[in-house]
Each structure stands twice: as C-alpha cells, then as structure tokens.
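Subject: Structure for your review

Dear colleague,

Please find the structure below, followed by a summary of what was found in it.

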Amino acid sequence: MAERNQAAHVVLLPSPGVGHLIPFVELAKRLVIHHNLTATIITFSDFSTSKAQRSILSSLPFGVSYVSLPSVPIDDLLTEGNNASFRLSLIMPHYVPSIRHLLLNLHKTTPIAAYVIDLFGGDIVSIANDLCIPKYLFFTSNFFFLAFQHHSITLSGISEKLELPGCFPLGRDTLSLYLGEETSSLNAKLARTQEVVDGILVNSFETLEEGYSQLAKDRKIPVWLVGPLTRVGSGSDFKKDAIFTWLDQQPIGSVLFVSFGSGGTLSFEQTQELALGLEMSKQRFLWVLHPPFDADGKLVTTWVSQTHVLTHGAIGGFLSHCGWNSTLESIVCGVPMIAWPLYAEQPINAEMLVKGVKVALRPIVGEDGVMRKEAVANVVKELMEGEGGKEVRNRIRVMMKEAAKAMEQEGPSSKSLANIANLWKMTKL
Ligand code: UDP
C-alpha cells in the first residue's frame with residue numbers, strides 16, 4: 001500500500017484528568033515532531049478549567065491541536081463518594097453521543113488513520129468500529145499493571161500471593177485492594193478494552209518491565225512499550241518563582257520533594273503526622289500541600305511545575321503517591337523515591353518500585369492504617385542519609401540511563417513508536 005501525501009491524522013482521547021492528558025500530549029507531540037503525523041486531542045470542557053490543564057494545552061507544537069467536547073450533565077456522578085477510577089468509568093458513557101458526533105465531523109474533514117483511547121475509553125470503541133477506524137489503547141500506566149488487570153479477570157478470590165511470569169510477587173495485602181467484588185468488576189470492564197483494540201501502547205520501557213518479554217508474547221493483541229513519555233525537558237512557558245529561588249540556595253541533593261499528584265489528598269490526621277514526621281527527620285523538604293479531604297480551609301501552594309522541581313540539583317528524594325507519570329519523571333530525573341500510594345493502581349506501582357525495580361523505600365504503616373510521625377521520620381532519614389537510600393539512589397541512576405537509552409533514536413521505545421507511526425501512515429482510508 002502506498003504512503004499518502006497528506007500527513008496521517010491521529011485522534012487521541014485521554015479521559016478527564018491531568019495525569020491522563022500529560023502523557024497523551026507527549027505522545028501526540030512525538031508523533032508529530034518525529035514522525036510527521038498530525039494529531040487532534042479531544043478534551044472535556046467540563047474539566048478544562050484548571051490552570052494546570054490550560055498550561056499543558058497552551059504550548060502545543062504546530063501539527064497538534066485540540067478540540068473540546070461540549071458540557072454534559074454529570075454533576076450528580078461527580079459528587080458521589082467514589083474514587084477517581086470509579087468516577088471515570090461512570091462518566092465516560094455519558095459522552096458517547098458527543099464523541100460520536102465529533103469523530104464523524106473530524107473524519108469527514110481529515111480522515112482518521114488511528115484513534116487512540118485510554119483505559120477508560122472502552123465505551124467509545126464502538127464508534128470507531130462504526131466508522132471503520134483502527135483503534136488503539138494508550139495505557140498511561142505500566143505494563144505490569146496492564147498484565148495484572150488482564151490476569152485478574154480469571155482469579156476467583158484473594159490468594160496469599162500472585163506471581164506473574166518473570167515478575168515480583170504481589171502479596172495478599174495488595175491483592176485484597178483489587179480483588180474485592182466492586183473493584184474486580186471495574187477491573188474486568190477495563191480489562192475488556194484490552195481485547196477490543198487493534199494494538200496497545202504502554203508508557204513504559206523494557207528494562208523497567210521484567211515480565212514484558214514473557215507476558216507480551218502470548219497476547220493476541222500486540223503490545224508495544226513506547227516510553228517513558230514525560231514532560232521532563234519541555235514546558236517552555238515555565239517561569240521561576242519563589243520556590244525555585246529557595247531551591248537555588250539549598251545544597252545539592254539535600255531536599256525531599258513531597259507530592260501526591262494532581263489530586264491526591266490525605267486525611268487531616270495523616271497530614272498532621274506527615275508534617276510532624278518531616279519536622280522530626282530534620283531534613284529539608286518542599287511539600288505541595290493539598291487541603292486535607294476532611295478539613296476546611298485553604299493552605300499553601302497546591303501546584304508546582306513538578307518536572308522542573310525534579311530536575312533541580314537540590315532535590316535528593318521524592319515522597320510520591322506513585323502515580324505513573326510522577327514515577328516516570330522521578331526515574332528520568334534519577335531521583336529515588338519514598339512510595340506512599342493512595343488509590344487506583346498506585347499500590348501496585350508502589351510494590352513494583354519497592355520490590356521489583358528497587359528504586360523506592362516504603363514507610364511502615366501503623367495498625368490503624370495511619371503512617372505515624374516516627375515512621376515518616378525514619379523513612380525520610382533513611383532515604384536522604386542512610387544505607388537504604390544509597391542503594392535505591394544507585395539503582396535509580398541505572399534506571400535513569402536505561403530510560404534515556406530507550407528513548408534514543410535507535411532505542412527500543414523509539415523504534416516501537418516509529419513502527420506504529422509507519423503502520424498508521426499506511427492505513428487505508
Ligand atoms: N504535577 C505537577 N505539579 C503538581 C502535581 C502534579 O506538575 O503539583 C504533574 C506531575 O508532574 C505529573 C502529573 O501532574 O506529570 C500527575 O500525574 P500522576 O500520574 O503522577 O498522578 P495523578 O495526578 O494522575 O494522580
């Protein structure tokens with residue numbers, strides 16, 4: 001089949017949330033800049049008011065554009081006490097009619113060579129089927145979680161441990177978070193998306209994913225690792241503020257960065273224990289503090305340019321909720337972590353980072369589920385000054401080099417993305 005003259009057009013639909021939008025924008029940028037495609041990103045006007053989202057979409061290169069879906073009445077769904085994953089799975093079906101309308105128009109104007117959805121896009125696959133557009137899943141988390149989700153459908157109950165071929169074992173504590181009735185059925189729904197697409201792109205790289213070679217080969221649908229796709233090194237709109245003036249004055253590697261992602265919050269009690277523990281550790285720290293979920297009041301800065309913080313020489317550790325973007329950014333910047341997962345796939349990511357890749361330490365949680373100040377102080381001191389800290393620091397430096405190699409022109413992730421881009425350029429329209 002001959003290549004067409006006009007650049008192949010790819011439409012990408014990240015589900016709402018900065019953590020989904022960021023890797024999709026990075027994927028789109030790469031497809032356009034390195035592979036001469038054009039990309040349209042679909043966003044949700046109901047969620048586009050945040051400063052963070054506006055800033056992400058404000059510096060798109062030529063060839064990447066975005067279009068917003070009109071508002072849909074979903075307020076009732078948003079106020080429920082569900083966690084982020086449940087909420088997304090509830091709201092996405094409500095956008096199907098407007099997505100169908102938009103795709104139809106986009107396809108008429110510039111035929112779509114590939115349609116890329118994320119984990120929560122399963123409800124939208126049928127639209128692409130009706131239009132005969134090839135559809136792909138961009139999994140914005142790691143391959144281990146993709147494999148776990150796929151595998152967990154076949155599990156009947158919670159066992160002592162689960163060991164996927166080539167992977168570190170998951171213990172009962174972590175398994176129990178995913179194999180309860182409600183979470184299992186959500187996972188099963190999400191895992192079905194893996195079966196109905198033409199291919200899966202994962203924001204990760206081979207050296208990080210020990211089980212990839214064994215687990216990917218038996219799958220009917222091709223899975224490519226194309227990462228790490230991160231914002232590190234981009235963001236030309238960045239302006240230095242007081243935080244960076246302060247960081248400039250701190251010794252190299254002396255500051256712990258504390259952040260729970262774009263939306264992660266702690267209880268008031270846990271926030272207090274963390275604050276006291278940080279103080280007890282006698283280490284310098286920079287904390288992006290969100291108001292506790294069970295207390296009123298506005299506190300301090302709730303957003304910093306994380307990739308600029310992580311690349312600053314003064315940063316020596318990252319206490320993180322283990323969101324996958326934050327994890328990749330920490331690896332790309334060579335900053336060792338303290339794993340403090342909150343929800344979604346974060347507990348699995350934390351296990352992977354502590355037991356599998358060995359780039360993170362973990363605080364000991366109290367019997368009541370609260371991380372007490374002593375546990376916080378101990379793990380922080382250990383990361384910043386102890387032997388355990390030295391080990392994970394050395395390990396993350398190795399991973400940092402591997403991440404850079406994966407993204408070199410001839411690196412495995414770059415080559416996979418080039419193959420996918422070529423496939424899309426050849427799509428018969
Ligand atoms: N982020 C940031 N500043 C903040 C908090 C988050 O720049 O104060 C960025 C962070 O660099 C990452 C993304 O937001 O790229 C968060 O994604 P992640 O997957 O880590 O967590 P989520 O927010 O989805 O839970």
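In the residue classes used here, Ala, Val, Leu, Ile, Met, Phe, Trp, Tyr, Cys and Pro count as nonpolar, Asp, Glu, Lys and Arg as charged, and the others, Gly among them, as polar. By these classes, the shell around the ligand holds six nonpolar, 13 polar and two charged residues. This is a predicted model, in which local features need pLDDT of at least 70 and side-chain atom pairs count only at pLDDT 80 or more, while totals for chains, interfaces and linings use all residues. Residues are numbered from 1 along each chain as its sequence is written.

Ligand shell

A residue is near a molecule if its C-beta atom, placed from the backbone, lies within 6 Å of it. Among the 21 residues around the ligand, G19, G261, S262, G323 and S326 come nearest. At least two shell residues are supplied by each of α1, α13 (306-310) and α14; helices (H or I, at least four residues) and strands (E, at least two) are DSSP runs, numbered from the N terminus. The most is given by α14, with four residues. Because domain 1 and domain 2 both give residues to this shell, the ligand lies between them.

Domains

The protein chain is divided into domain 1 (9-232 + 407-426) and domain 2 (242-404), with bounds that come from an automatic or database domain assignment. Their C-alpha centres lie 26 Å apart. In all, 33 residues of domain 1 are in contact with 29 residues of domain 2, where contact requires C-beta atoms, placed from the backbone, to lie within 7 Å. On the side of domain 1 that touches domain 2, the elements giving two or more residues are α1 (18-35), α2 (51-58), α4 (84-91), α7 (143-152) and α8 (172-178). Of these, α1 gives the most, with four residues. That side is made up of 17 nonpolar, twelve polar and four charged residues.

Strand β2 (residues 38-44) is mostly covered, with six of its seven residues buried; a residue is buried if 20 or more other C-beta atoms lie within 10 Å of its own, all placed from the backbone. Strand β1 (residues 9-13) pairs with β2 in the parallel sense over four bridges, two strands being paired if DSSP finds at least two bridges between them. V10 has A39 in β2 as its bridge partner. The β-α-β crossover from β1 through α1 to β2 is right-handed, meaning that the path from the first strand over the helix to the second runs clockwise with the strands pointing away from the viewer. Strand β3 (residues 64-69) runs parallel to β2 and is joined to β2 by six bridges, and V64 in β3 stands opposite A39.

An open sheet of five strands with parallel pairing has the order β11-β10-β12-β13-β14. Since β11 and β14 stand at the edges with a single partner strand each, one side of each is left without a neighbour in the sheet. Strands β10 (residues 255-259) and β11 (residues 284-287) are joined by four bridges, and F257 stands opposite L286 in β11. Between β10 and strand β12 (residues 315-320) there are five bridges.

Helix α15 (residues 346-356) has eight of its eleven residues buried, so it is largely enclosed by the rest of the structure. Its cover includes α7, β7 (170-171), α8, α14 (324-333), β13 (337-339) and β14 (360-361).

Kind regards

Terms used:
Two residues are in contact if their C-beta atoms, placed from the backbone, lie within 7 Å. A residue is buried if 20 or more other C-beta atoms lie within 10 Å of its own, exposed if 12 or fewer, and partly exposed in between; C-beta atoms are placed from the backbone.
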